[in-house]
Amino acid sequence: MALVLTQFVLCLSGLQLIFAADHPSYVAAVYEHRVLLNPNPEIPLNRSSALEHMNQNLRVFEEQTALAAQQGAQIIVFPEDGIHGFNFTRASIASYLETIPDPQKVTWSPCADPHRFPDTEVLHNLSCMAHKNRLFLVANMPSRQSCNRTVDPHCPADGQYQFNTNVVFSDQGVIVARYHKQNLYYEASFDTPPKCEYVTFTTPFAGRFGTFTCFDILFRDPAVTLVKEMGVRQIVFPSAWMNALPLLASVQFQRAFSYGAGITLLAANLKATKYRMTGSGIFTPWDSLTHHDTDGDSGKLLVRRVPVIVDDKHKLVPFSGYPSSKEPEKMHAWPVSSLNANYDGKHCREDSECAKEASSTTFNSIMMKDNFTLVALQGTEGNISVCSGSVCCHLLFRRSETKEFYALGVFDGLHKTYYLEICALS
């Protein structure tokens, strides 16, 4: 398995580290849901049939929310497509859609006021789960938003946007955040929002969270902007991630993003063995609790107490509140200046040992149809670099044995339809 770090992860590795005087924490839960799919997603249903299908999944959500609350969870995250499934057409998903009002303009608890907006049965159900169990709840669902083509040039021909939407409820059942997925992945039933959204919400137990969905994590907007520019240190991440080895396994990418960016990532993936979907976790910059089961066919609830990451002008405050018998892991990305005086964050000095070693031992290999430049790890410890164009990867390593072959690789180029800058240890 390979550990993937994007360029932005490496840039953020220079965050100044300071220690907090106290150690606030909260209990988080994610649920990897074995989704019950519509067997004929391309055939349109009436509203009652669509609700009957969604209610099968919502009943599982309700059970798992209660179980999480019993374990003290203050927030729970459910996966992308977990309520309705996938592989719909624009027409066939129509009966699954609900209108979600903008929480910046409308304060509404669907549980307390179920008739305020029509055809919002799913929102009512989710709102009541959050209110009954007194926790924040994050779910993903299909939504509609009316538009007028005479004033909006992006408005679809049928007069409505159809969005892949994350919706967040407070512990009182009030809708506090709504995010429309920006980077769609072969989702014919949905529209790309005309403007990228940077969505956050605030909790009384851990401050500010941000949210985005699945494929979004590979793009600057909104993922990198939320973390790097807006200073968000806690992310809720519904996903329907199809694992693609060696570089795009779900928990591997989730962990790399969390460790490298210095954030907590609450990642809930869908469970669908047929589609290679599995892999969820609660990730902090110090450790993680993960689930990745390619053979099983059941859901999995993960619950864990995690530190509150305090943002102070984008400084990371490491957590040290665990019992002394369980020391937190060290950061997996280090400031370059502390690793090698001959490495400037872009290139090794031409006359340095690291440059000589990299140039003399590099080789090329194809991973996921991309041509990587790699350098082999030699011995039990070392300090190595490898570059491709202007992108350089640097690794300080120590290992207990040398029987297995490992190499540090770099790729800088176009992968299918999107550009990647990748450091990979494989």
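**Figure 1. The disulfide of Cys387 and Cys392 is right-handed, with 105° about the S-S bond.** In this predicted model, local features need pLDDT of at least 70, side-chain atom pairs count only at pLDDT 80 or more, and totals for chains, interfaces and linings use all residues. Residues are numbered from 1 along each chain as its sequence is written, and side-chain values use heavy atoms, with hydrogens and water left out. The sulfur atoms of Cys387 and Cys392 are 1.9 Å apart; a disulfide is counted when two cysteine sulfur atoms lie within 2.5 Å. Cys387 is partly exposed at 30% relative accessible area, whereas Cys392 is buried at 5% (buried: under 20%; exposed: over 50%; partly exposed: in between; 1.4 Å probe, protein chains only).

**Figure 2. A disulfide links Cys393 and Cys423.** The two sulfur atoms are 2.0 Å apart. The torsion about the S-S bond is about -90°, so this disulfide is left-handed. Because Cys393 belongs to strand β18 (residues 391-398) and Cys423 to strand β20 (residues 418-425), the pair ties together parts 30 residues apart in sequence. Strands (E, at least two residues) and helices (H or I, at least four) are DSSP runs, numbered from the N terminus. Cys393 and Cys423 are both buried.

**Figure 3. Cys111 and Cys128 form a disulfide.** Their sulfur atoms are 2.2 Å apart. A torsion of about 100° about the S-S bond makes the disulfide right-handed. Cys111 lies in the loop between β4 (98-99) and α3 (121-133), and Cys128 in helix α3, so the link ties together parts 17 residues apart in sequence. Cys111 is partly exposed, at 23% relative accessibility.
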